[in-house]
Amino acid sequence: MILDDIVSCSHRRVSSLPDSFPSSTHVPISLREAILQARNNAVIAELKFASPSRGIIREKQQPADISEDMILGGCCALSILTEPDFFHGCPDTIPAIRNSVNVPILRKDFIVNEHQLDETKSLGADAVLLISSVLGNETGHFVKEAQKRGLEPLLEVHTRKEAKQAMDSGAEVVGINNRDLRTFRTDLSTTKNIAPMLKDAGLTVVSASGMVWPCDIRSLHRYADGFLIGSSIMSSNNPRKRVEGFVYA
Ligand SMILES: O=C(O)c1ccccc1NCC(=O)[C@H](O)[C@H](O)COP(=O)(O)O
């Protein structure tokens, strides 16, 4: 099972992290506010060079170039996949672009240990992904630990059961992953099925994964406040135009 391999690698990497991290001087920018204040569709554009489901998506290039394109296209936030072994990401990408962008940065990785939260804060991220199916019963604890460090958690769920737990976790932004992380199958109706209960609870909802064309966003307008999109943007010859297409869908 690839997800188990990814999680095992994450546990191994934790053991090679330094004992402490330099503190960041970055003043946090709220992901939730950026989503809710977006004038058009709130698109979170993801830097994602490879994935288990697609292999190589785009040859590696300077992250500053592609993130600038994404911002010119109108995204309200950036998601940076930092996992190296399966997604060809790198934590250093965050400090490399931090000072040249004025939108919130979400660190996307497989967080399994609180020490990774210290690392995330030190890198200059504003928000951090926490995955309900990875953290299980510890999800609420990790939400609080992220908040203690001044990191906004984006809590990812895929089932109604996980969504129920998310409602009690203290997280304000919940991502519904349309991709089943075990089978890689994507289905946009996952958002349609789960979003209403989260919205009724007053949470900010982000639909994530599997959106390929602007019509996909249009079909989810009434369900989600924000849309997290990686592969479609990263595989495009013109990422700026592709982001624009989603923002104005
Ligand atoms: O993308 C994968 O293949 C994947 C496999 C196993 C665990 C996580 C995976 N993706 C992480 C994500 O959440 C997506 O990168 C993100 O939602 C964007 O999805 P997409 O727009 O479909 O690239």
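**View 1. Helix and strand content of residues 26–244 in the predicted model.** Over residues 26–244 the chain is 40% helix and 20% strand, with the end C-alpha atoms 28 Å apart; helices (H or I, at least four residues) and strands (E, at least two) are DSSP runs, numbered from the N terminus. The unreviewed UniProt entry lists these residues as "domain: Indole-3-glycerol phosphate synthase". Residues are numbered from 1 along each chain as its sequence is written. Because this is a predicted model, local features need pLDDT of at least 70 and side-chain atom pairs count only at pLDDT 80 or more, whereas totals for chains, interfaces and linings use all residues.

**View 2. The shell around the ligand.** The ligand is surrounded by 18 residues, of which the closest are Ser51, Ser53, Ser209, Gly230 and Ser231; a residue is near a molecule if its C-beta atom, placed from the backbone, lies within 6 Å of it. At least two residues of this shell come from each of β10 (226–229) and α12 (231–234).

**View 3. The buried face of helix α3.** In helix α3 (residues 63–72), the buried residues are Pro63, Ile66, Ser67, Met70 and Ile71, where buried means that 20 or more other C-beta atoms, placed from the backbone, lie within 10 Å of the residue's own. Seen down the axis of α3, these residues fall within an arc of 140°, taken from the directions from the helix axis to the C-beta atoms, so they line one face of the helix. Their cover includes β1 (42–47), β4 (77–81), α5 (93–98), α12 and α13 (239–247), through contacts in which C-beta atoms lie within 7 Å. Gly74, which follows α3, has a positive phi near 105°.

Note on methods. UniProt positions renumbered as here; feature names shortened; annotations may be inferred. Buried ≥ 20, exposed ≤ 12 C-beta atoms within 10 Å, placed from the backbone. Contact = placed C-beta atoms within 7 Å.
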